[in-house]
Amino acid sequence: MAQRLRLELVADHATVDLISELPLELKVRILECLPTRDAARTALLSTHWNHVWLRLGRLAFDNDFFWGIQKCSGESIVPSKIITCVLLQRVWPVKKFSLNIAALIDPMLKQSDLDQWCLYLSRNGIEELDISLWNPQYKLPFCIVSCPTIKQLRLNSLGFDCPINAPSIFRGVTSLIFLDVVFNRNVNGIVSSIPNLEKLEFIGCEGISNFKFTAPKLESLSIIGFIPAAESRWLSLHLETIKVLCLDHSCMLWEDVEVASFPTAINLQVIELDYMNFANEKQLMGVLKLLQISPNLRELDIKIVLKMMT
C-alpha cells in the first residue's frame with residue numbers, strides 16, 4: 001500500500017509544469033538567456049508562453065537568426081517583415097536590441113524600415129542598441145541621436161549626418177562605438193554636447209573631424225585607423241579631459257607642427273599603442289611627442305611589429 005502511494009505521488013509531481021509556475025519576470029529572464037530564435041519558438045508551446053515571449057525585452061536579429069528560420073521553414077523569408085512584426089507585438093519595453101543584416105540576407109532592406117524600427121525603439125525605452133547593416137548608404141535616423149534613454153550604442157557601417165541645430169545629442173549615452181562609419185560633412189559647424197559620454201571608440205571610420213562635439217565626462221578614447229592632419233587637430237580638442245587613450249600605428253604619423261598644437265594631457269593616465277613599427281622614424285617621434293605632453297602617465301602599453309630578417 002505504501003509503495004503504491006509513493007508511485008502515485010511521483011506520478012502527480014511528474015504532471016506538474018514547474019517552470020510554468022515560476023513568476024512572470026523570472027520566465028522572461030530565462031527566455032532572455034536564449035537566442036532570440038529559440039525564445040520565439042516557445043510562443044508555439046501554449047498561449048501562456050506566448051504571453052511570456054511578447055514581454056521579452058532583449059532581441060537580437062542577425063544572419064544566424066534568419067538562416068535558421070529559413071532552414072526550418074524551407075521557404076524564402078523577408079527579414080524586414082519579420083522584424084517589424086516582432087517589434088510591433090511587444091507588450092513590454094525593448095531594453096536591448098541588436099540588428100546585424102548583411103546584403104546577402106535582405107538586399108531589399110529600405111531606409112524606411114530602419115527608420116520605423118528606430119522610431120519604435122526610441123519611444124519604448126531602448127537602453128542598449130547595436131546596428132550593423134554593412135552598407136554606408138543607410139543613414140542613422142535622427143530619433144536615435146535625440147533618444148534620451150540609450151546608454152550604450154554601437155554602430156557598424158552606417159552613414160552619419162551631423163545634426164543641424166542640435167546643441168545636445170546622444171544625451172543618455174555613456175558608451176559610443178563607431179565601426180566603419182562615414183561622418184558626412186558638418187555644414188553648419190555647430191559643436192554639439194554629449195553630456196554623459198564616458199567611452200568613445202572609432203574603428204576604421206572616415207571623416208571623424210566632421211563629428212564636432214564636447215564631452216565633459218569623456219574618460220576613454222580609442223581611435224583605430226588612419227588619421228589625416230584634420231583628425232589629429234580634432235584629437236587635440238579632447239586630450240585635456242581623457243584618462244585613457246588607445247591609438248594604432250596609423251594614427252602616429254603626425255607632423256611636428258601638429259603635435260606642437262596639442263595641449264598638455266593633464267588627466268591622461270593610460271596610453272595603449274597597437275602595432276607600432278619603431279623602424280618608422282615618424283611613428284617613433286610621434287610616440288615620444290605624445291609622452292612629452294602626458295606628465296601624469298601611469299601605464300604605457302605598446303604592441304610592436306617585428307619583421308623577420310630575410
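I'm working with a predicted model, where local features need pLDDT of at least 70 and side-chain atom pairs count only at pLDDT 80 or more, while totals for chains, interfaces and linings use all residues. Residues are numbered from 1 along each chain as its sequence is written, and side-chain values use heavy atoms, with hydrogens and water left out.

Of the 310 residues, 42% count as buried (under 20% relative accessible area with a 1.4 Å probe, protein chains only; exposed is over 50%, partly exposed in between).

Next I looked up helix α7, residues 111-122. Its 12 residues reach 16 Å from first C-alpha to last, close to the expected 16 Å (1.5 Å times one less than the number of residues). The α7 residues that are buried are D113, L114, W117, C118, Y120, L121 and S122. I see these buried residues packing against α6, β2, β3 and α8.

Then the surface. F278, L284, M285, L288, I304 and L306 make a nonpolar patch of about 540 Å². Helix α11 (residues 281-292) gives the largest share, three residues. I checked L288, which is found in α11: it counts as partly exposed because its relative accessibility is 39%.

Notes. Patch = residues over 30% accessible without salt bridge, like charges linked within 9 Å, V, L, I, M, F, W, Y side chains within 5 Å. Areas by Shrake-Rupley, 256 points an atom, 1.4 Å probe, with all protein chains shown as cover. Salt bridge = Lys/Arg side-chain N within 4 Å of Asp/Glu carboxyl O. Helix = DSSP H or I, 4+ residues; strand = E, 2+ residues; numbered from the N terminus. Contact = heavy atoms within 4.5 Å.
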